[in-house]
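Please keep the sequence and the model in view while reading.

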Amino acid sequence: MTLLSVIRAELAFGMTPLLDMASLTVVEGERIGFIGRNGSGKSSLLSAIAGRQALDGGEVRLRDGLKVVFVEQEPELPPAEDLSASLVARAGPGALEHDGEDWRAQVRLQEFLHRFDLDGAMDPASCSGGERKRAALALAFTLQPDVLLLDEPTNHLDLGGIEKLEDLLIEEQRGQRSAVIITHDRRFLDRVATRIIELDRGALRSYPGSFAAYESRKELDLQAEAQERRRFDKFWAQEEVWIRKGVEARRTRNEGRVRRLEQLRSEREERRERVGAVNLQLSAGERSGRLVTELEGVSKRFGDKVIVDDLSLRLMRGDRLALIGPNGAGKSTLIKMILGQLAPDAGTLRSGTRIASAFFDQQRAALDPEKTLVETISPGSDWIETGGTRKHVMSYLADFLFPPRRAEAPVRTLSGGERNRLLLARLFAQPANLLVLDEPTNDLDMETLELLEATLAEYQGTLLLVSHDRRFLDNIATQSLVAEGGGRWKEYVGGYSEWMRQKALPPPAATPGPAAPSSAAGGAAPRGKLKPQEKLGFKERRELESLPGEIAALEQEQAALHARMGQADYHRLGPDQLRIDGARLPVVEALLEKKLERWIELDGRG
């Protein structure tokens, strides 16, 4: 059943339309990942659906009695005596009542606060950005909306908070409830989304399935669009040559061809090109010494809180070390110690030679809101030396998608994504052989994020990285230092996925003694001795024989679902079929993955 529809929506700020006759339908039970470039109008559309912003044209239709809850990027908590009272005030009069029994809603609120690791008695005025976001999410789930609108919900959340949110969305949104989520977290979208909607040059485009399915389809769409535009431009150029012949074009029987050329010119003028990509170039400058920094038995505490307890670590040139841990674990403190900006309480710290560091701060403290973009990037000079070349500051800003008319604007006028781009521009303007990135992916759109990954992959210096973007960690980090509680930190090879895999491994078995006796019953194998791998039984052999056919059938069903859901007139099949397909696709994908894993297991033993 359709819950809401956006019909031929129009919205513009200045000359460029953000929404250009855009349409969208949300049906029961689907979780839509809403993506697009920074500034494309995603937040504006969610605000319009929530009734907080008016459209210039078109309309939003909601099913009668539909409850919509919107969690904005930076939620505000009204002043109150404690967090619970603040959330009641944020919800509005009567919003937490349930058939007159207010206590049920209060119990739900306390339950979700607990699930997001929050205390309802805390002072809302002292809440951090992450705590405000978690509190607003707890309230949103408490209200049990039919449609949940989330704008960048993973910003300010640590890895544990992101995973809890994923679990809640999958758990709470089963059945008739739906969600529309703006996020650039690709791992989050792969796990949560049942459909991807992209806002591109004012139009909304739908891609059924996960984000991985969107990535493969999007590349094909862009190739088809480029090919169609090349054909159009070739035909238009031919018609322009013809019109310049003059006499033939003026003949009455060719008036239709002249009108067609005028239409071609109009279409070409109205065409909206894709926004250019950021041009990232990063220079490591002079090579540092082989040793970047060494910590030996280092400890640090603030009052009763132990941040680091007896840590030994050696960071070598070319390492890409990710610091992983919950908010408040001490990642920023550890960075300051590694950089030699903070002395440990105990232990020794040794820095290498020829270290030139650059620091990306998630709080953007390096940006003065009153300075212009030019003053921020190149104070006192019109030129920048970067990557061995000399560039004018206007050209350099254009590489980061800042047009000349914005160059003299103050930093305070920039959006969150634009400030991150400006901070990257400032960071990359100086050569550094030790690059420290503290949450660099916040507010970056996916294209810029992928370009940043590609640039860092070619970087020849040493990286120190803090991020809650799991795919970014997997693509960049060569080793991870993980907070394991009580000031203990443990090093793992690889990024997030490798850490999770290694964490799940059983501890190594103890080495057997020279005369390890069996148990009293005589049936237990000696500790530390691996049990011989069992051969396949009759049923398992039959299962192994049948698995290839089952896998092929599931792959065919998966392909058929993708093909049907990707058709232009798919919506005409009706909401019931859309709901059935949307529910079946993740089941098929899960079964397929399970069958493949089972086939690998049995085949390895056979």
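## A residue in a strand

Where is the place of Val-306? Val-306 lies in strand β11, which covers residues 305-316; strands here are DSSP runs of E with at least two residues, helices are runs of H or I with at least four residues, and both are numbered from the N terminus. This is a predicted model, in which local features need pLDDT of at least 70 and side-chain atom pairs count only at pLDDT 80 or more, while totals for chains, interfaces and linings use all residues. Residues are numbered from 1 along each chain as its sequence is written, and side-chain values use heavy atoms, with hydrogens and water left out.

Val-306 has a relative accessible area of 25% and is therefore partly exposed, given that buried means under 20% relative accessible area, exposed means over 50%, and partly exposed lies in between (1.4 Å probe, protein chains only). Leaving aside neighbours within four places in sequence, Val-306 is in contact (heavy atoms within 4.5 Å) with Lys-300, Arg-301, Gly-486 and Gly-487. The C-alpha atoms of Val-306 and Arg-488 are separated by 8.8 Å, although these residues are 182 apart along the chain.

## Overall make-up

The chain contains 18 helices and 20 strands, and buried residues make up 45% of its 606 residues. Among contacts between residues at least 6 apart in sequence, 68% join residues at least 24 apart. The chain exposes about 31000 Å², of which carbon and sulfur atoms supply 50%; accessible areas come from the Shrake-Rupley method with a 1.4 Å probe, and for residues only the protein chains shown count as cover.

## Nonpolar cores

In soluble globular proteins, nonpolar side chains tend to be buried together. A nonpolar core is taken here as a set of buried Ala, Val, Leu, Ile, Met, Phe, Trp, Tyr and Cys residues joined through side-chain atoms within 4.5 Å. The largest such core has 44 residues, and those with the most contacts inside it are Leu-397, Leu-422 and Leu-435. Helix α13 (residues 416-428) gives the most to this core, with six residues.

With neighbours within four places in sequence left aside, Leu-422 is in contact with Leu-367, Leu-373, Thr-376, Ile-377, Leu-397, Phe-402, Val-411 and Leu-414.

## Aromatic pairs and a charge over a ring

Rings of Phe, Tyr and Trp (its six-membered ring) pair if their centres lie within 6.5 Å, with planes under 30 degrees apart counted as stacked, over 60 as edge-to-face and the rest as tilted. By this rule the count comes to five aromatic pairs. The rings of Phe-116 and Phe-141 have centres 6.4 Å apart and planes at 25 degrees, so this pair is stacked. The pair links distant parts of the chain, 25 residues apart, with Phe-116 in the loop between α3 (102-115) and α4 (129-142) and Phe-141 in helix α4. Phe-116 and Phe-141 are both buried.

The rings of Tyr-207 and Tyr-214 have centres 5.0 Å apart and planes at 85 degrees, so they form an edge-to-face pair; both of these tyrosines are buried. Ring pairs also link Phe-112, Phe-116 and Phe-141 into a cluster. Elsewhere, Arg-421 lies over the face of Phe-402, at 4.9 Å from the ring centre, where a charge sits over a ring if NZ of Lys or CZ of Arg is within 6 Å of the ring centre and within 35 degrees of the ring normal.

## Loop residues

Most residues other than glycine have a negative phi. Arg-201, which is not a glycine, has a positive phi of about 55 degrees, and is found in the loop between β8 (195-200) and β9 (203-208). Its relative accessibility is 13%, so Arg-201 counts as buried.

Glu-439 also has a positive phi of about 55 degrees although it is not a glycine; Glu-439 is placed in the loop between β17 (434-438) and α14 (446-458) and is buried, with a relative accessible area of 4%. Thr-441 is in the loop between β17 and α14 and is buried at 10% relative accessible area. Leaving aside neighbours within four places in sequence, Thr-441 is in contact with Asn-420, Leu-449, Ser-467, Asp-469 and Phe-472.
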